[in-house]
Amino acid sequence: MSQQLFGHRYILPVHQGRGAEQVLFPLLINEAKPLVLGNMHFDTTRAHIQLAGGEGIDLVIKEAYQSANPHPFKGNIDLTQLSAYLEKEGDRVAMIIMTVTCNGAGGQPVSMTNLKEAYQLARKYNVPLILDAARFAENAYFIRQREEGYTHKTIAEIVREMFRYCDGFTMSAKKDGLVNIGGLLGIKENEEWALECQARLVAYEGFPTYGGLAGRDMEALAVGLTEVIEPDYLEQRIGQVRRLGEDLIKRGIPIQQPVGGHAIFVDAGQVYPHIPKDQFPAQVLACQLYMAAGVRGVEIGSLLYGRHPQTGEDGCSPVEFLRLTIPRRTYTDNHMRVVAEGLSAVMEGSGEHKGLQLVYEAPILRHFTARLKPVCS
Ligand SMILES: *Cc1c(COP(=O)(O)O)cnc(C)c1O
């Protein structure tokens, strides 16, 4: 089933997306090839790159950082920068990872043209290109909506073409697999990689027939992969996110536009111009929204970004977003109105809100377990 959908010869199940990263990355990253270029790496992806001794470099187009810029494919990689990097440091590049949709930028899609040209560059410099395909169907939906030449293609056809422009993929099935747990690791044709991945899979995940999943989870995934490419499903799903975005825009709340596939990104830097980045304005907004309305958002800013590797300084993230991720098939549009009203209420008192400082942070992926307290002044 998934071989047919993605067109890759080898498909290995894993317990979730990071399982696939853990199995694949150490095969490609080594001392001589530490660099991993990409549009924008997801946080666990960046962590697994680092755990394998590598360094992740984000080369997303600059429009991704301009929340009011209506560019239709803000997840695109900057091909000029990618090409310059490959020309200069190609020998040190382990792989290119294209994340579809680009989670870090707000579920922003990557165009087919951009994927194709990135893959052509990868070929030219003999560097593997891996898709981080957690939201492959949402990305295909946007290609169909926004890119010339795709309006009359089916989502399945678009997906199939997207997966031609890579050598393998990692996928969290908890997103467009429409399941509670699971993931996939795909290898397009390289048998040597597939065998090595299989061997590592046994050590880390489970036997290659189940990869740490129960049989019922695998069956649910097989169903999810067929339902997620249905146009009605995608229209309802992405439409709900879009309607919340439109409501927020009407209320004057600054968000990343156009609205992405799975989440609204509120520009907390604009909400709190008086809170410096090293006092985590997006985390402040997350806390305030939770206190006001019981709505849980996630900080995508300097807390997540971590410290500067050389100076140890905080406040380095180019964006300060509050991510409101909308679970699939869970909420009605009325729930979305509660979210919008809660945010409106928070905005009214925003001038009074204070920054935060860290009380505890883990050395890696600190944002998951950090403890913070309000800055006293
Ligand atoms: C969720 C996600 C991952 C990690 O997957 P898990 O299933 O949570 O381990 C990797 N990349 C992207 C883009 C994701 O959205």
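Predicted model: local features only at pLDDT ≥ 70, side-chain atom pairs only at ≥ 80, totals over all residues.

Reader: Which domain does UniProt list for residues 3-341?

Author: The unreviewed UniProt entry lists "domain: Aromatic amino acid beta-eliminating lyase/threonine aldolase" there. UniProt positions are given in the numbering used here, feature names are shortened, and annotations may be inferred rather than shown by experiment. Over residues 3-341 the chain is 43% helix and 14% strand, with the end C-alpha atoms 44 Å apart. Helices (H or I, at least four residues) and strands (E, at least two) are DSSP runs, numbered from the N terminus.

Reader: What is the order of the open sheet of seven strands?

Author: The order is 1-7-6-5-4-2-3, and the pairing is mixed. Strand 1 (10-14) and strand 3 (55-58) are the edge strands, as each pairs on one side only. From one strand to the next, the twist averages 20°; axes are lines fitted to C-alpha atoms, for helices over the stretch in contact, and angles run from 0 to 180 degrees between N-to-C directions.

Reader: What makes strand 6 and strand 7 a pair?

Author: Two strands pair if DSSP finds at least two bridges between them. Strand 6 (residues 168-172) and strand 7 (residues 183-187) have five bridges, in the antiparallel sense, so they meet that definition. Within this pair, T170 stands opposite L185 in strand 7.

Reader: Which helices lie across strand 4?

Author: Helix 4 (residues 79-89) lies across strand 2 (35-38), strand 3 and strand 4 (93-99), running at about 160° to strand 2. Helix 5 (residues 112-124) lies across strand 4 and strand 5 (129-132), at about 175° to strand 4.

Reader: And what is the order of the open sheet that three strands form?

Author: That order is 8-10-9, with antiparallel pairing. Its edge strands are strand 8 (263-267) and strand 9 (298-300), each pairing on one side only. The twist averages 30° from one strand to the next. Three bridges join strand 9 to strand 10 (residues 321-325), and V298 stands opposite R323 in strand 10.

Reader: Why is helix 10 called roughly parallel to helix 14?

Author: The axes of helix 10 (residues 231-250) and helix 14 (residues 333-348) come within 10 Å and cross at roughly 30°. Angles under 35 degrees count as roughly parallel, over 145 as roughly antiparallel, 65 to 115 as roughly perpendicular and the rest as oblique. The crossing angle therefore makes helix 10 roughly parallel to helix 14. The contact involves Q240, R243, L244, D247 and L248 of helix 10, and D333, M336, R337, V339, A340 and L343 of helix 14; contact means heavy atoms within 4.5 Å.

Reader: How many residues of each class does that contact of helix 10 with helix 14 have?

Author: It has six nonpolar, one polar and four charged residues. Here Ala, Val, Leu, Ile, Met, Phe, Trp, Tyr, Cys and Pro count as nonpolar, Asp, Glu, Lys and Arg as charged, and the others, Gly among them, as polar.

Reader: Where do helix 12 and helix 14 meet?

Author: L285, Q288, L289, A292 and A293 in helix 12 meet G342, L343 and V346 in helix 14. This contact has six nonpolar, two polar and no charged residues. The axes of helix 12 (residues 281-293) and helix 14 come within 9 Å and cross at roughly 115°.

Reader: What is the peptide bond from V100 to T101, cis or trans?

Author: It is cis, with omega near -25°, and T101 sits in the loop between strand 4 and helix 5. Another cis peptide bond joins Q257 and P258, with omega about -5°; P258 is in the loop between helix 10 and strand 8.

Reader: What is the phi of N126, positive or negative?

Author: N126 has a positive phi of about 60° although it is not a glycine. Its place is in the loop between helix 5 and strand 5.

Reader: Which residues does G315 touch beyond four places away in sequence?

Author: G315 touches K277, D278 and S302. This glycine, G315, is in the loop between helix 13 (302-305) and strand 10.

Technical notes:
Residues numbered from 1 in each chain as written. Heavy atoms only, no water.
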